[in-house]
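This report goes through selected local features of one protein chain. Please keep the sequence and the 3D view open while reading.

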Amino acid sequence: MIAEVVFDLPLDHPFSYLLPGDLKLACGQRVRAPLGGRGTRVGVVVALREGDESGLRPVQHVVDAAPIVSAAGLDLGRWIADESLSSWGSTLLALVPPPSRARRAESVAPAPDRAPSIPAREPELWTSADRDERLTAMLAAESEAALVIAPDTASAARWARRLDAARLDSGAGEAERREAWFAAARGRARVVVGTRGALLAPLPPPTTLVLLEEHDPAHKPPGPPRLHSRDILMRRAALDGSRLILLSGAPSVESWARVDEGAVRSLPDGGGAWPQIIAADTRGILRNHPLTLPLTRAIEEMSRRGRGVALIVGRATGVLGCNDCGALLSCPDCAVPLQVRRDRRALVCRLCARVEPLPDRCPACGGRRLAPFGWDPERVEASVRRRFPRLTVSRSDPGAQVVIGTSALLRGGSPGRWGAVGFVWLDGFLRVPDFRASERVFQLLWAAAEAVGGSGRVIAQTLHADHYALAAARNREREAFYRQELGFRAELGYPPYKRLCHVSARGKTAATARALLEEAAAAIAGVAGLTIYPLAALGAPGAASAARWRFVIKGPAELPRLIAPALRPFLERGRRSGGVVEIEMDPVTT
DNA sequence: AGCACGCCGACT
DNA sequence: GTCGGCGTGCTC
């Protein structure tokens, strides 16, 4: 018997091994096998067959007593690899718990059968403020097995506690995690909670699949599996006949578009009280002090009422804005903010690589106060301390009266967690050089509103009091936001109307990386239906970092299939002088 | 991705 | 005369 094994390599073909007569195994099981020089590696068995066994090396030993992925999981992994131009092996191995260090597991385990085909169910989008409570109640009442995917391990831990569920994520202990995995496969853990790494958890279908906070960019970090958790679950649900529930107060524009298309059903929202969302004009204030009058008042009032205040500070961004009119310097073609390259005294578009000299006047109003910097947490803390010497002010103590931190402060709390949330410099989030900046701001404001609850207050310090994301959040009008945002995306051909793909190369020198990437760009130049943007150096172009170059491809839904034939050779190491090409499909970070 | 094989510079 | 650089090709 011959076992076909895939490894965590950028090679997309299986390797054949001899299966010793006494070794029984099934597809989806992990094995350790010799590969290359004298090492051995862990791989997943994707096929078993009879055939010519001459010249084959034997599998060394079995890693897990039972298949770690089901037949359906193998298929889903193959689809993810195809869709993201990744390899089957690196995809699968990123979607199973790491092998235990224990010695050889003894084998013999039947492969779980593929489920009989079950009619697909329409995915659901739950947006109501009480969605978490509804989900908890629903899962308690259901008898169907459920897989709940959280954006991060802290959230997975909270949900596991809340649902009294087993954990499959890396925040759990290795033993607990493996036990939960196999218990789920045997139908002995009804509800399991995990992060991305649990997307292939082998629950017997049909199941309920849940994606928490589906808009969260943590659902698509770089690296394998190189696809958004939402897309993986959509596919899994469609193949499984599983029910898919997406949860988010302010969903991704992609998911909203699916509702518009009728591919996803949106549940009616519950209503309830909505907080005051105040736009506080920062003109002439933010230069010297981080607090406007409305925010100062909110802090005073909340401290009287014994309620905490969260001050949200973004990271300083390398973009230039005008302190007089609030305009930010954007690329006229791509509408994304231009990035400051100080060493070159230039502004660069990260999408089309357009380069402009650093202006000394605002192109919109002619003002001279162009400012690249915002308020960082340390500076805010010192300033708030000075203004409120009698309050506890902290960047680390979540129980302080005023807590200063990033948008992470809005995560995972119950409604009313904060009495007020202040965005010290909302424009910092709007100025992020990413076409999703408005969406992100809308989601932050929505999360803040939910975190303060109906009796709280949200203060957004901004020069853009009339920005549509702010207006829509203030008026609790989701439709208004998505209508405008979808219009913008349609006009410029951004997702969800087109798909994007980042192709990058890094090498020993900038020249080798660039040359390699130029070759890759040339390889797809003839493919119809694509927009290929010019090459751009990645990161600050200091000596070392300029060894990374990138270009962006824009294309239709079938983008992966269009570019795969030409680009696969670049991913599977060819004859090349020290360069590595990477492909990131549907990137959500710039 | 590792790792081995394979041809050109400074060292016990 | 060797040790060793990393360029390129392969791994069942």
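## The loop between E10 and H6

Glu213 sits in the loop that runs between E10 and H6. The model is a predicted one. Although Glu213 is not a glycine, its phi is positive, at about 45 degrees. Most residues other than glycine have a negative phi, and most peptide bonds are trans. With a relative accessible area of 24%, Glu213 is partly exposed.

Lys220 also belongs to the loop between strand E10 (208–211) and helix H6 (229–240). Is Lys220 buried or exposed? Its relative accessible area is 2%, and Lys220 is therefore buried, as the cut-off for buried is under 20%. A polar atom of the Lys220 side chain lies 3.3 Å from the backbone oxygen of Met585. Leaving aside neighbours within four places in sequence, the residues in contact with Lys220 include Arg196, Arg226, Leu227 and His228, and also Glu584, Met585, Asp586 and Val588.

## Two cis peptide bonds

Pro225 is another residue of the loop between E10 and H6. The peptide bond from Pro224 to Pro225 is cis, and its omega is near -5 degrees. A cis bond also links Pro205 to Pro206, with omega near 0 degrees. Pro206 is placed in the loop between E9 and E10.

## The sheet

Strands of a sheet pair through backbone hydrogen bonds, either parallel or antiparallel. Here, 7 strands form an open sheet with parallel pairing, in the order E8-E9-E7-E10-E11-E6-E12. Strand E8 (166–167) and strand E12 (265–266) each have a single partner strand and stand at the edges, so one side of each has no neighbour in the sheet.

Strand E6 (residues 124–126) runs parallel to E12 and is joined to it by 2 bridges. Which residue of E12 stands opposite Leu125? The residue is Ser266.

Helix H4 covers residues 153–163, and its buried residues are Ser155, Ala156, Ala157, Trp159, Ala160 and Leu163. These buried residues pack against helix H3 (131–141), strand E7 (146–149), E8 and strand E9 (191–194). At the start of H4, a side-chain oxygen of Asp152 comes to within 3.2 Å of the backbone nitrogen of Ala154. After H4 comes Asp164, with a positive phi near 50 degrees.

In helix H7 (residues 253–261), the buried residues are Val253, Glu254, Ser255, Trp256 and Ala257. Among the elements that cover them are H6, strand E11 (243–247), helix H11 (437–452) and helix H13 (478–492). H7 is followed by Gly262, which has a positive phi near 85 degrees.

## The packing of H1 and H15

At what angle do helix H1 (residues 71–84) and helix H15 (residues 559–571) pack? The angle is about 75 degrees, and the axes are 8 Å apart. H1 is therefore roughly perpendicular to H15, a term that covers angles of 65 to 115 degrees.

From H1, the contact involves Arg78, Ala81, Asp82 and Glu83, while H15 contributes Pro560, Arg561 and Arg568. Sorted by class, this contact of H1 with H15 has 2 nonpolar, no polar and 5 charged residues.

## Arg476

Arg476 lies in the loop between helix H12 (468–474) and H13. Its phi is near 55 degrees, a positive value in a residue other than glycine. Arg476 counts as partly exposed, at 23% relative accessibility.

How values were computed
Residues numbered from 1 in each chain as written. Chains lettered and ligands numbered in written order. Predicted model: local features only at pLDDT ≥ 70, side-chain atom pairs only at ≥ 80, totals over all residues. Heavy atoms only, no water. Pairing = 2+ DSSP bridges. Helix = DSSP H or I, 4+ residues; strand = E, 2+ residues; numbered from the N terminus. Buried < 20%, exposed > 50% of the residue type's maximum accessible area, 1.4 Å probe, protein only. Polar contact = N/O pair within 3.5 Å; in protein donor to acceptor, adjacent residues only side chain to side chain. Contact = heavy atoms within 4.5 Å. Axes fitted to C-alpha atoms, helices over the stretch in contact; angles between N-to-C directions. Parallel < 35°, antiparallel > 145°, perpendicular 65-115°, else oblique. Nonpolar A, V, L, I, M, F, W, Y, C, P; charged D, E, K, R; others polar.
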